[in-house]
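Reader: Hi, I am new to this one and would like to go through it slowly with you. Could you show it to me before we start?
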Amino acid sequence: MILILKPDTTTDSEAFLALTAFLEKLPNIRHRIHQETGTQQLLTEVYLVGDTAALTLEEMQNLPGVERVVRVSEEYRVLGRHKDDRRPTWFDYNGVRFGQDTLHVFAGLCAVNTREHVEAMMKALQENGQVCTRMGAYKPRTSPYSFQGHGKSCLPYVFELAGKYGIKVIAMEITHEDHVDEITEALEQTGNPTGVMLQIGTRNTQNFELLKSVGRQHRFPVLLKRGFGITLEESLNAAEYLASEGNRNVVFCLRGMKSNMGDPHRNFVDFAHVPVVKRLTRMPVSVDPSHSVGSRDKAPDGILDTMHVAAQGVVAGANMILVDFHPDPASALVDGPQALTLDELPWFLDDVQIAREAYLKRQERAAAEAT
Ligand code: PEP
Ligand code: MN
């Protein structure tokens with residue numbers, strides 16, 4: 001059960017103290033406080049765990065400071081979409097809103113290789129009106145002999161260049177909790193010119209200790225990739241690990257499933273799950289067409305498979321697209337064969353826009369049906 005408190009109820013207010021004193025006396029019930037400081041107001045929610053079946057909604061509704069009560073199902077307590085649950089399906093980060101209604105493209109380098117390539121990428125993004133990108137500094141590789149990413153050494157120039165070209169959010173994979181400190185330090189050192197969305201990759205979806213530590217920090221939002229060989233439910237529970245530790249600014253990313261059934265694509269594209277994740281949870285949903293498809297193959301219609309699947313995700317309501325681009329794919333240190341080129345960026349963005357318009361029309365048509 002969740003008690004949603006009246007806005008701006010502080011933990012030293014009379015109402016709050018009376019409420020917690022009451023909750024402490026309830027047998028077999030523990031409570032946990034979640035606070036969110038928005039631009040407009042402070043929101044406080046109290047999560048009750050244990051024998052809550054014995055409590056009635058009316059009784060809880062009348063407690064001091066309580067605005068609304070939501071009875072949650074067992075699953076995805078924090079991030080789930082529960083009955084009569086009107087909590088927000090969005091969050092704001094560094095001036096950008098991420099919600100179940102918004103759409104942002106994160107085109108960028110799978111792995112940072114040179115400063116020149118980072119600059120060329122960011123310049124192209126700015127020229128095309130983009131404020132988000134992806135930049136891999138820590139790369140989890142199948143072979144220990146493959147390039148592992150430049151790590152913290154590239155962060156200062158990546159962040160400085162992001163600031164120079166007006167990039168507000170960089171999706172950046174981390175594979176260890178120390179990377180969060182390295183990113184924080186580099187941001188401080190460069191004067192916080194940009195923001196970072198911490199990406200947890202498909203190989204770490206169920207790295208519970210990493211999830212817990214990233215969940216405990218509130219500075220950065222998190223992009224959690226679906227695990228490539230586990231069920232959707234298991235991956236959504238992984239997202240709940242982040243939220244249960246306190247960070248609910250989570251975007252969930254579909255990136256295809258490992259299965260030869262998906263051949264010749266690198267992974268079996270699972271973008272039909274976009275609306276499913278939006279139904280089950282309040283998270284914005286991202287798709288990653290590059291790691292799903294893994295090539296630059298083209299259909300007879302002249303459209304790259306990567307663009308076809310990105311459009312499928314968008315037409316199904318995706319809120320974010322994580323996509324590999326590279327100024328010179330032949331010299332990319334990771335995943336060059338799937339990267340789109342900078343001169344393909346306007347085409348890609350137009351194709352996304354066409355799919356987005358189709359989605360908005362579909363949504364309007366559905367709304368007409370509901371009235
Ligand atoms: C990536 O986005 O760079 C990546 C490694 O993706 P995934 O974790 O989905 O394989
Ligand atoms: Mn990659």
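Reader: What should I know before reading any values?

Author: This is a predicted model, in which local features need pLDDT of at least 70, side-chain atom pairs count only at pLDDT 80 or more, and totals for chains, interfaces and linings use all residues. Residues are numbered from 1 along each chain as its sequence is written, chains are lettered from A and ligands numbered from 1 in the order in which they are written, and side-chain values use heavy atoms, with hydrogens and water left out.

Reader: OK, which residues coordinate the manganese ion (ligand 2)?

Author: The manganese ion (ligand 2) is held by Cys110 through SG, His291 through NE2 and Asp335 through OD, at 1.9 to 2.3 Å. Donors here are N, O and S atoms within 2.8 Å of the metal (3.2 Å for Na, K and Ca), and since water is not among the atoms, sites may look incomplete.

Reader: And what spacing do those donors follow along the chain?

Author: The donors of the manganese ion (ligand 2) follow C-x180-H-x43-D. His291 lies in helix 9 (residues 289–293), while Asp335 is in the loop between strand 14 (320–324) and helix 11 (345–370), so this pair ties together parts that are 44 residues apart in sequence. Helices (H or I, at least four residues) and strands (E, at least two) are DSSP runs, numbered from the N terminus.

Reader: Is His291 buried or exposed?

Author: His291 is buried, its relative accessible area being 8%, and Asp335 is buried as well, with 18%. Buried means under 20% relative accessible area, exposed means over 50%, and partly exposed is in between (1.4 Å probe, protein chains only).

Reader: Switching to helices, how do helix 10 and helix 11 cross?

Author: The axes of helix 10 (residues 305–315) and helix 11 come within 8 Å and cross at roughly 30 degrees, which makes helix 10 roughly parallel to helix 11. Axes are lines fitted to C-alpha atoms, for helices over the stretch in contact, with angles that run from 0 to 180 degrees between N-to-C directions. Angles under 35 degrees count as roughly parallel, over 145 as roughly antiparallel, 65 to 115 as roughly perpendicular and the rest as oblique.

Reader: Which residues make that contact?

Author: On helix 10 they are Met307, Ala310, Ala311, Val314 and Val315, and on helix 11 they include Trp347, Phe348, Asp351 and Arg362; contact means heavy atoms within 4.5 Å. By class, the contact of helix 10 with helix 11 has 11 nonpolar, no polar and three charged residues. In this scheme Ala, Val, Leu, Ile, Met, Phe, Trp, Tyr, Cys and Pro count as nonpolar, Asp, Glu, Lys and Arg as charged, and the others, Gly among them, as polar.

Reader: What about helix 3 and helix 4, at what angle do they cross?

Author: Helix 3 (residues 115–127) and helix 4 (residues 155–164) have axes that come within 9 Å and cross at roughly 25 degrees, and the two helices are therefore roughly parallel to each other. Arg115, Val118, Glu119, Met122 and Gln126 of helix 3 meet Tyr157, Val158, Leu161, Ala162 and Lys164 of helix 4, and these residues divide into six nonpolar, one polar and three charged.

Reader: Then what is phi for Asp8?

Author: Asp8 has a positive phi of about 65 degrees although it is not a glycine. Asp8 sits in the loop between strand 1 (2–5) and helix 1 (14–25), where Asp8 is partly exposed at 46% relative accessible area. Asn94 also has a positive phi, near 50 degrees; Asn94 is in the loop between strand 5 (90–93) and strand 6 (96–99) and is partly exposed at 39%.

Reader: Last one, which residues does Ser286 touch?

Author: Leaving aside residues up to four places away in sequence, Ser286 touches Leu223, Val251, Phe252, Cys253, Leu254, Met320, Ile321 and Leu322. Ser286 lies in strand 13 (residues 285–287) and is buried, at 0% relative accessibility. By contrast, Lys361 of helix 11 is exposed, with a relative accessible area of 61%.
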